[in-house]
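The sequence and structure come first.

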Amino acid sequence: MTSHLGLMILFAAFVSVIFATLMRDEPREQLAFGARLFGGFVAAGVLLGWLLFPFPL
Amino acid sequence: MRATAADRVQTTTNTYLICAVAWLVPGAGHLWLGRTQKCLVFLIALPLMFATGLWLEGRLFPFQLSEPLVALAAIADLGIGLPYFIAKAMNAGAGRVVAWTYEYGNAFVIVAGLLNMLVVLDAFDVAQGRK
């Protein structure tokens with residue numbers, strides 16, 4: 001888990017769980033919304049990572 | 001729609017008390033308002049995220065007004081409530097700048113505090129009968 005990708009996934013999981021619980025009332029809706037959020041966070045993170053690849057700091 | 005304790009509008013004093021309790025113990029405001037499932041998620045996830053940040057050698061920033069960004073980070077850290085004071089009492093959160101997880105740790109600790117502030121606002125809305 002202690003890799004850049006692992007920590008990003010863990011962070012996305014925490015934020016998705018909290019947002020889904022805040023924004024939806026029914027457990028089924030929370031699960032669906034949380035899964036979509038999590039997928040979006042991870043996909044955006046990986047995509048941005050690759051976009052930044054040619055521009056090392 | 002079922003009428004629960006959470007659906008009733010709270011008095012102004014109660015609302016602010018609920019917000020204070022919600023800040024101090026993540027999820028406690030929702031428990032007060034009868035939203036047990038949400039309370040459990042907040043009570044587990046937020047302190048766990050905060051503790052993960054400290055484990056990753058993140059720092060609890062000092063209230064240093066000469067450095068506005070540091071002061072803002074300190075306010076965000078404080079947003080988690082009681083876990084912040086427990087960590088301070090245990091001398092945790094010194095932060096190790098050379099650790100590769102340092103920035104990740106800071107992100108976890110700061111965002112846990114900010115998310116708890118959102119949870120407090122949600123409890124306020126529920127207490128006001130808006131949700």
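The text below treats the fold of chain B, then the interface, then a surface patch.

The model is predicted, and the totals for chains and interfaces use all residues.

**Chain B**

Chain B has six helices and zero strands. Along the sequence, the order of elements reads α-α-α-α-α-α. Taken along the principal axes, a box of roughly 55 × 30 × 25 Å holds the C-alpha atoms of chain B.

**Interface with chain A**

On the chain B side, 23 residues are in contact with 16 residues of chain A. The size of an interface is often given as the accessible area lost when the parts come together. Here chain B and chain A bury about 1700 Å² between them, and 80% of that area is on carbon and sulfur atoms.

Six residue pairs are in polar contact between chain B and chain A, with both residues at pLDDT 80 or more. On the side of chain B that touches chain A, α3 (36-55) and α6 (102-127) each supply at least two residues. The largest share, ten residues, comes from α3(B). By residue class, this side of chain B divides into 16 nonpolar, three polar and four charged residues.

| Interface of chain B and chain A | Value |
|---|---|
| Residues of chain B in contact with chain A | 23 residues |
| Residues of chain A in contact with chain B | 16 residues |
| Salt bridges | one salt bridge |

Over all chains the count of salt bridges comes to four. One salt bridge lies between chain B and chain A. Which side chains form it? They are those of Asp25(A) and Lys38(B), with a distance of 2.9 Å from N to O. Lys38(B) lies in helix α3 of chain B and Asp25(A) in the loop between α1 (4-23) and α2 (27-52) of chain A, so the pair joins two chains.

**Nonpolar patch on chain B**

Chain B also carries a nonpolar surface patch of about 880 Å². The patch is made by Leu24(B), Val25(B), Leu40(B), Leu43(B), Ile44(B), Leu48(B), Leu82(B), Phe85(B), Ile86(B) and Met90(B). Which helices each supply at least two residues of the nonpolar patch? They are α3 and α5 (82-89) of chain B. The largest share of the patch, four residues, comes from α3(B). Leu48(B), one of the patch residues, has its place in helix α3 of chain B.

Terms used
Residues numbered from 1 in each chain as written. Chains lettered and ligands numbered in written order. Predicted model: local features only at pLDDT ≥ 70, side-chain atom pairs only at ≥ 80, totals over all residues. Heavy atoms only, no water. Contact = heavy atoms within 4.5 Å. Buried area = accessible area lost by both parts, 1.4 Å probe. Polar contact = N/O pair within 3.5 Å; in protein donor to acceptor, adjacent residues only side chain to side chain. Nonpolar A, V, L, I, M, F, W, Y, C, P; charged D, E, K, R; others polar. Patch = residues over 30% accessible without salt bridge, like charges linked within 9 Å, V, L, I, M, F, W, Y side chains within 5 Å. Areas by Shrake-Rupley, 256 points an atom, 1.4 Å probe, with all protein chains shown as cover.
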